[in-house]
Amino acid sequence: MSEYFANIFYGLKSFAEGLQLTMRHFRNRKDLVATLQYPHEKWPIEDRHIGFPLEEYNIIRSRLNVDIDDCIGCLQCERACPVDCIKIETIKPPKGSDFDCGITSNGTKMKMLVARFSIDMTECMFCNLCTFPCPEDCIYMVGGPNSSKHEIEYEYASRDRESLIFQFANPSESDVLAVGGENYLRAKAGLPPLAPEVPVKPVETVSTATEKPTPTAGEPDVKVLNGITDRMVRATAKKAFMAAARGGSDLAAIAKSIQAALEEAGKFTDEAKAVLDSLAVTQTPTPVTVNEVSSEAKPDIKTLNVLEDKMVRGMAKKIFMAESRGGKSASEMVDAILAGLKEADKLTPETEAVVRQLAPEVPVSTPKPSAPVTDFNVKVLNGIEDRMTRGLAKKAFMAAQREGKSASEIIQTVQTALSEADKLTDDVKTLLLSIGGDKA
Amino acid sequence: MSTKPHIDQSLVKTEEMVLNMGPQHPSTHGVLRLKIHTDGEVVSKIEPIIGYLHRCFEKHCEHLGYEQIVPFTDRCDYIASMHMNHGYALAMERLMGIEVPPRVEYIRVIVGELQRIASHLVALGTFGLDIGAITPFTWMIRDRERILDLFENLCGARLLYNYIWVGGVSHDLPEKFIRRTKEFIDYFTPQMDEFDQLLTFNKIFIERTADVGILPPDVAINYGVTGPSLRGSGVKWDLRKDEAYSAYPELEFDVPVGTGKMGSVGDCWDRYWVRMLEMRESVRIIDQALKSIPDGDVRAAVPKKVRPPKGSVYSRFETARGEIGYYIISDGKNIPVRLKMRSPAFCNLSVISEIAEGWMISDLIAILGSLDIVLGEIDR
């Protein structure tokens, strides 16, 4: 009997003891918590124990980082990678380009522009093979002995893959163009590459074209000379052409120098003369056409929205689109629309007035494409030394240009603005005159 | 109420039941599927089905440079990556005839023996875990962590090292590595006594493992079983001694074999005990190697692009699991024509159908645990 009660007592006692222990841990749960509600709670980084002091490691395989300013684009890391997660694209500046790719911190002169340097850390297997061949030590695992270059980073998990593809190179578009990366940009935008026969010289877009007021718009093309049948003559002509073109002379000068060279060699045949003439004729007008197209106020189809009659509007828009696809100018377009409407017997005076609105600027603006000519831009004012004066002049210049004034008018405006501010020094005056002199 | 049940035995239909253990099962140590034919609770036939972790390692190697293969060998036996690196490097050095600096050999031996301890700790811990002893597992993983810390200090990685390269090692030992390794050994030696107290001589553990899954030496040799599993059967075969490579000829150590201390030779307990003793031997080796490590370069003069001469090589190496073999055929280019890997765990696993027959399912778990397989290496 007593054993029976003893068992019951013992059972209850152990039960109570167990509960007591549980309750004790329950009360002290703040001290005893072992689970961290990651990522809402984190150990502070400096307290995290990962073995030994960071600087005593040979290396820590945390994340790859690239000091892109030091990268010379040698592709050795790309070749070393067993999983091909490093992708590098480089652009070599064309011969004779004075584009400066920079110097690495080791003093190596960079020979190309690294247009793309991406590391896909989702593919990376942290084998560390890429960091060894790097001649400039610019690709490395962050943290550890490299803490001075980049602090340790081990928490870069992300919900989307894109943010784990690290893009290290980010050259500006103008830099890419400056090293002849036209095709690279086109490939990036999904466009087919330009035909290799027509190498687009980036000179037009970037080299600011202020120093040389040569008509660079129509690029002198040595191929014109292929029309010469005699081989000897052709070679001499081409040689002279290239020499002259390198010297930066314009087409007339080039033609002249070719002629001189041929005459000297006693090879100036009638045929060569004809070709040279054609060189001068075909190429000189090009800048003009280019200017016309670029400067012309583009006719806007929205102008036609004013037309009330739906039928008329539709018809007019249809003709408009057809004509604009055909690359016609605004005035031609207006004529076509008017003719089309007349044919359909829908031409009211109001409609005509609306349609004519498409073009009115055109006849006005075409004769003076001078303002936005390629080499007459605000940069010509960079010659002014005083900063205040330059700023004022540029301001006036831009305002005048926006109003669509011609070159001489702009210069006039700038002059007035400067004299009002009492900043019109002799230097500036000469500069303005020199610009205006060419253009007006 | 003592009426006998009227069962006509001729009418009772008994049939074999097929059980699938895995591919996701805590005691299979990876994605292994065991198709078990059971008669009641007794295993009558067993078919290991592998290939769930197949990654085309050998084919993949035919498209990689020789130096790029090293990180992929890591991923075969991910519990003992250093050994896989070392085995490959050894094969390549034999193929190219490279003489490795003595310091490199010592470094390789030190990290190799540390790796052997780490690998055995996982093997023994999970073996106990399979049988139901949870505490030893956590203790062993805790101590393994110290080795992984040392490795991280050495090469930045905790599991997949890519440390031992063709013709050298990737980094020299860090400044305090030798001191820290000594500290670890001083810490670890008494730990092994605790493991013995906690698990090895535990009565329940002995009951579960002694006389279970006896692997006779002749069967083991016929199946190509190597490593501690073979030595558990009393066969004294260790490539570190019998085909000594690296710095092993200069170091003094014993090759422990199973003696049937608790049951008969070649049972699960013997295989366990051999691993336990091997850890002590590894500690001995490390201790000697740390004392006599020479100074010098850590890389032999190897061309940046490794191009071995035409020819082939078969080289074997004693890993924590047994004998790994690399057969490499080169045609003089920078990628191998063929690379064949002999996987020790593959052969060790194949013997299971022989030794597990007639044992109960619960014993099968013990037998599987004592073979210490790694599926990354079996499937590769």
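This is a predicted model: local features need pLDDT of at least 70, side-chain atom pairs count only at pLDDT 80 or more; totals for chains, interfaces and linings use all residues.
Me: Let's start with chain B: what share of its 380 residues is buried?
Reply: Happy to start there. Chain B has 15 helices and 8 strands, and about 15,000 Å² of accessible surface. A residue counts as buried when its relative accessible area is under 20%. In chain B, the share of buried residues is 59%.

Me: Is B:Cys76 buried or exposed?
Reply: B:Cys76 sits in the loop between α2 (70–74) and α3 (81–96) of chain B. Leaving aside neighbours within four places in sequence, its contacts include B:Arg55, B:Phe57, B:Met341 and B:Arg380. The relative accessibility of B:Cys76 is 0%, and the cut-off is under 20%, so the residue counts as buried.

Me: How far apart are the C-alpha atoms of B:Cys76 and B:Phe57?
Reply: These two residues are in contact. Along the chain they are 19 residues apart. Their C-alpha atoms are separated by 8.1 Å.

Me: Which helix holds B:Ser370?
Reply: B:Ser370 counts as buried, at 1% relative accessibility. Not counting residues up to four places away in sequence, B:Ser370 touches B:Phe127, B:Ser229, B:Cys268, B:Arg271 and B:Arg275. Its place is within residues 361–371 of chain B, which form helix α14.

Me: Which residue forms a salt bridge with B:Glu145?
Reply: Side chains of opposite charge can pair when their charged atoms come close. For B:Glu145, the closest N and O atoms of the pair are 2.3 Å apart. The pair links helix α5 (residues 135–155) to the loop between α5 and β4 (164–165), 13 residues apart. The partner of B:Glu145 is B:Arg158.

Me: How many residues apart in sequence are the parts tied together by B:Arg316 and B:Glu243?
Reply: B:Arg316 and B:Glu243 form a salt bridge, with their closest N and O atoms 2.9 Å apart. B:Arg316 lies in strand β6 (residues 311–318) and B:Glu243 in the loop between α10 (239–242) and α11 (268–291), so the parts they tie together are separated in sequence by 73 residues.

Me: B:Arg316 and B:Glu323 also meet in a salt bridge; is B:Glu323 buried or exposed?
Reply: The N to O distance in this salt bridge is 3.2 Å. B:Arg316 is partly exposed, with a relative accessible area of 23%. B:Glu323 has a relative accessibility of 7%, and the cut-off is under 20%, so B:Glu323 counts as buried.

Me: Over in chain A, which helix holds A:Asp426?
Reply: A:Asp426 gathers with A:Glu385, A:Asp386 and A:Asp427 in a patch of negative charge on the surface. A:Asp426 is exposed, at 61% relative accessible area. Its place is within residues 426–439 of chain A, in helix α17.

Note on methods. Residues are numbered from 1 along each chain as its sequence is written. Chains are lettered from A and ligands numbered from 1 in the order in which they are written. Side-chain values use heavy atoms; hydrogens and water are left out. Patches are made of residues with over 30% relative accessible area and no salt bridge: like charges are joined within 9 Å, nonpolar side chains (Val, Leu, Ile, Met, Phe, Trp, Tyr) within 5 Å. Accessible areas come from the Shrake-Rupley method with a 1.4 Å probe; for residues, only the protein chains shown count as cover. A salt bridge is a side-chain nitrogen of Lys or Arg within 4 Å of a carboxyl oxygen of Asp or Glu. Lys and Arg count as positive and Asp and Glu as negative; His and the chain ends are not counted. The place of a charge is taken as NZ of Lys, CZ of Arg, CG of Asp or CD of Glu. Helices (H or I, at least four residues) and strands (E, at least two) are DSSP runs, numbered from the N terminus. Buried means under 20% relative accessible area, exposed over 50%, partly exposed in between (1.4 Å probe, protein chains only). Contact means heavy atoms within 4.5 Å.
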